[in-house]
Amino acid sequence: MVTKALQKRDIVKLIKPEVRKLKAYAIDETPCRIKLDAMENPFPLPEEAQVELVEAVRHVLINRYPDPSATKLKESIAELWGIGTMRMVLGNGSDELIQAIILAFGGPVLIPTPTFAMYELTARALSQDVISVPLGKDFSLNPDKIIKKAKTAQARIIFLASPNNPTGNRFSDEAILKILTKTNAAVVIDEAYFSFSRKTFLPVLKDHPNMIILRTLSKMGFAGLRIGLLTASQKLIDQLNKIRLPYNINALSQAVAVAALRRRDLLNMQISLLISERQRLYNALAQINGVTVYPSETNFILFRTTT
Ligand code: PMP
């Protein structure tokens, strides 16, 4: 029986104050004709490719746990992006890896603002301090300000989404390299939009033991599969693997992703089309009076209206 005393007790008060203060990550589900707000690839796969995916799941044994190392999927991603399979941690979306990084390193967490909301939300949910350093007027990084703040606050992680969400621009290589070499923090370079910028820090990863690179399959066309990955020095990978939940990539996602990544031709076509359409849309927006449009190296465009 539920007594009055029990009814009166506010169980929510047992939730950590940091969590109670948070606002949930807002996902708008208003029905609309063309959904644009989640930076997905808008093109579905053609029917014959869908059939290949169905075929891929036919043999998945869902009574068994998935391959904990997701070996085949790692091999497919290695082939796609040239990242060694031993140097990969896969996540249920890169969101999960952001959480794993913060769990492993703790805070303070330094972020430039505006940037991807999950860095701050996750840090706060994990009771870590967040330090923000505003981007410049043109959304550029000020490395000296970041280095100074990171030092005084003793930041343990710096998240740099490059290209950045929601501004769409990529940060300068010099600024990022300066931050990497002049701070003691782990510097996470989130290359979620790599397919659309085609620029990466991967070749210099070996020179920076404090660098972590994040990627995701979401933006290139597989947001529904929830697959993200990080790569870093072997030492860091070994530590982060301790935090990763076993079986975090489900068997269906593993099988479908392996099959979908075989259709590289289709993906490349879709991505090239998005890049050329981005330029067309940018040019059209730039023609409109009262609209300020910002350059984008992603699959979305930020613009400001003055009226
Ligand atoms: N990083 C950035 C910069 C993003 O914009 C997003 C998605 N909006 C993510 C990470 C998360 O991607 P995922 O779908 O892999 O969790």
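User: In which helix does Leu 236 lie, and is Leu 236 buried or exposed?

Analyst: Helices (H or I, at least four residues) and strands (E, at least two) are DSSP runs, numbered from the N terminus, and by that scheme Leu 236 lies in helix α11. Buried means under 20% relative accessible area, exposed over 50%, and partly exposed in between, with a 1.4 Å probe and protein chains only; Leu 236 has a relative accessible area of 16% and is therefore buried. Please keep in mind that this is a predicted model, in which local features need pLDDT of at least 70 and side-chain atom pairs count only at pLDDT 80 or more, while totals for chains, interfaces and linings use all residues. Residues are numbered from 1 along each chain as its sequence is written, and side-chain values use heavy atoms, with hydrogens and water left out.

User: Which residues does Leu 236 touch, not counting residues up to four places away in sequence?

Analyst: Contact means heavy atoms within 4.5 Å, and with residues up to four places away in sequence set aside, Leu 236 touches Phe 105, Pro 209, Met 211 and Ile 212.

User: Where does Asn 248 lie, and what does its side chain contact?

Analyst: Asn 248 lies in the loop between α11 (234-243) and α12 (251-261), and at 9% relative accessibility it counts as buried. Its side chain makes a polar contact of 2.8 Å with the side chain of Arg 244, and, leaving aside neighbours within four places in sequence, Asn 248 is in contact with Leu 90, Gly 91, Asn 92 and Glu 96.

User: Why can α12 be called largely enclosed?

Analyst: Ten of the eleven residues of α12 are buried, so the helix is largely enclosed by the rest of the structure. The cover over its buried residues includes α3 (47-57), α4 (71-81), α10 and α13 (264-286). At the start of α12, a side-chain oxygen of Asn 250 reaches to within 2.9 Å of the backbone nitrogen of Leu 252.

User: Which residues come nearest to the ligand?

Analyst: A residue is near a molecule if one of its heavy atoms lies within 4 Å of it; of the 14 residues around the ligand, Ser 94, Asp 190, Thr 216, Ser 218 and Arg 226 come nearest. Both α5 (94-105) and α10 (218-222) supply at least two residues of this shell. Ser 218 is in helix α10 and, at 7% relative accessibility, counts as buried.

User: What distances separate polar side-chain atoms from the ligand at Thr 216, Asn 165 and Lys 219?

Analyst: A polar side-chain atom of Thr 216 lies 2.6 Å from a ligand oxygen, and an N or O atom in the side chain of Asn 165 is 2.8 Å from an oxygen of the ligand. For Lys 219, an N or O atom of the side chain is 3.0 Å from a ligand nitrogen. The protein covers 94% of the 400 Å² of accessible area that the ligand has on its own, where accessible areas come from the Shrake-Rupley method with a 1.4 Å probe and, for residues, only the protein chains shown count as cover.

User: How many helices and strands does the chain have?

Analyst: The chain has 13 helices and nine strands, and buried residues make up 46% of its 307 residues.

How values were computed: A polar contact is a pair of N or O atoms within 3.5 Å; within protein, one must be able to donate a hydrogen and the other to accept it, and residues adjacent in sequence count only if both atoms are side-chain atoms.
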